[in-house]
Amino acid sequence: MDFTHLPHPSPTPADAREKAIADPGFGTVFTDHMVLIEYEEGRGWHSASVGPREPITLDPAASVLHYAQEIFEGMKAYKHPDGSLALFRPEANARRFNASADRMAMPHLPEDVFVQSVQELVRKDADWFPAVEGGSLYLRPFMFASEAFLGVRPAKKYKYLVIASPVGNYFKSGVPAVSIWVSRDYVRAAPGGTGAAKTGGNYAASLVPQAEAIAKGHDQVVFLDAVERKWIEELGGMNLFFVMDDGSVITPPLGGTILPGITRDSLIQLLTEQGLKVREERYSIDQWRADAESGKLVETMACGTAAVVTPVGRVEGPEGAFTIGSGGPGQLTQAVREKLVGIQRGTMADTHGWVTAV
Ligand SMILES: *Cc1c(COP(=O)(O)O)cnc(C)c1O
């Protein structure tokens, strides 16, 4: 697709940019540009541009504001030792974006256009790459219904955008083990619902249980299945892996209520290649507790693009709190994190063809 490059009337001065990217935190600093592509039924995708990042004008009746027809992706551009920028499995994000679009009755964006759009923005804003250790350029492609219409049906007009945010490490100091609250009153996704789609509504619904977790002194909330309120599903935005003392690893199976994480899929492959037996199987909250207490369970890790791989140190469930292993980062969690980060950042060989140059 041809992207029109629109001039920026007042790009951020170099000194202000350097200051902004010196310690960017997560998700608060944005680059100067954005990608915009318009969609209209009958016409398809058109008017692709890379232009100044600016507010978008919406009719107050735009369907996204009323019925939440919206999907998004989260990915990162990494800097390799030779100074080049690279994406990690961007075609997997493109595929998942269209799977989310299917569930939300939205049009597909061709996978090559998705990948190209991200590359266009990374190239345009390459000088926004943060200098900090562990830094990356976080990319947020998203699509929403922009048609002005209050009837309930799929919209006929959509906007697709990509914005970029320089980010440091998700956690300020290294890789601390997180503490997790098991949600009793709320679920994230039900069978037949939208749990496998990356859509804003799932996050809106997770904010109250997440706030409850914080109020109880924890970092994150873990959700149980909606039917039996027994099987562990995932965190608000990260998938889970349970490591046993016999070298086997369990991760909850996909099946409509869990977001199919690309980090999850990559970890399954890396752990399997390391000779570990990874089982995609249901694992209950009671078993988690019993195995942690008996020592059969030695580690638990949470994974996703933003924080990569994060150890879970403590859990507070309906029957009380328990500690995983020593409560700190476990051996396998640290090793597999280093391996994955090494591939993403180009310090370890990419034997899977996961890395795409920008
Ligand atoms: C995005 C997301 C993940 C992680 O997916 P990655 O592709 O690994 O970043 C996990 N759970 C939820 C609910 C998500 O939205």
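**Close-up views of a cavity, a pocket and a ligand**

**View 1. The largest cavity and its volume.** In this predicted model, the largest cavity has a volume of about 100 Å³. When the whole structure is searched, one cavity of 30 Å³ or more is found. As background for a first look at such spaces, rolling a probe the size of a water molecule over the atoms shows where empty space is left.

**View 2. The residues that line the largest cavity.** The lining of the largest cavity is made by Gly74, Met75, Lys76, Tyr78, Phe88, Asn93, Ile262, Thr263, Thr305 and Gln344. Sorted by class, these lining residues comprise four nonpolar, five polar and one charged. At least two residues of this lining come from each of strand 5 (75–79) and helix 6, and strand 5 provides the largest share, with three residues.

**View 3. The largest pocket and the elements around it.** The volume of the largest pocket is about 620 Å³, and 32 residues line this pocket, with Lys198, Tyr203, Gly237, Met238 and Ala306 lying nearest its centre. Two or more residues of the lining are given by each of strand 7 (136–145), helix 5 (200–215), strand 10 (220–224), helix 6 (262–273) and strand 15 (297–304). Of the elements, helix 5 gives the most to the lining of the largest pocket, namely five residues. By class, the lining of the largest pocket holds 14 nonpolar, 12 polar and six charged residues.

**View 4. The ligand in its place, with the residues around it.** The largest pocket is where the ligand sits. There are 15 residues around the ligand, and those that come nearest are Lys198, Tyr203, Glu234, Thr263 and Thr305.

View 5. In the side chain of threonine 305, an N or O atom is 2.6 Å from an oxygen atom of the ligand, while a polar side-chain atom of lysine 198 lies 2.7 Å from an oxygen atom of the ligand. At isoleucine 262 it is a polar backbone atom that is found 2.8 Å from an oxygen atom of the ligand. On its own, the ligand has 380 Å² of accessible area, and the protein covers 97% of that area.

Note on methods: Residues are numbered from 1 along each chain as its sequence is written. This is a predicted model: local features need pLDDT of at least 70, side-chain atom pairs count only at pLDDT 80 or more; totals for chains, interfaces and linings use all residues. Side-chain values use heavy atoms; hydrogens and water are left out. A residue is near a molecule or strand if one of its heavy atoms lies within 4 Å of it. A polar contact is a pair of N or O atoms within 3.5 Å; within protein, one must be able to donate a hydrogen and the other to accept it, and residues adjacent in sequence count only if both atoms are side-chain atoms. Accessible areas come from the Shrake-Rupley method with a 1.4 Å probe; for residues, only the protein chains shown count as cover. On a 1 Å grid over the protein atoms alone, a cavity is a set of points where a 1.4 Å probe fits but cannot get out, and a pocket is an open set with protein on both sides within 12 Å along at least five of seven lines; lining residues have an atom within 4 Å of a point. A molecule sits in a cavity or pocket if more than half of its atoms lie within 2 Å of its grid points. Grid points are joined across faces, edges and corners, and a volume is the space filled by probe spheres set on the points. Helices (H or I, at least four residues) and strands (E, at least two) are DSSP runs, numbered from the N terminus. Ala, Val, Leu, Ile, Met, Phe, Trp, Tyr, Cys and Pro count as nonpolar, Asp, Glu, Lys and Arg as charged, and the others, Gly among them, as polar.
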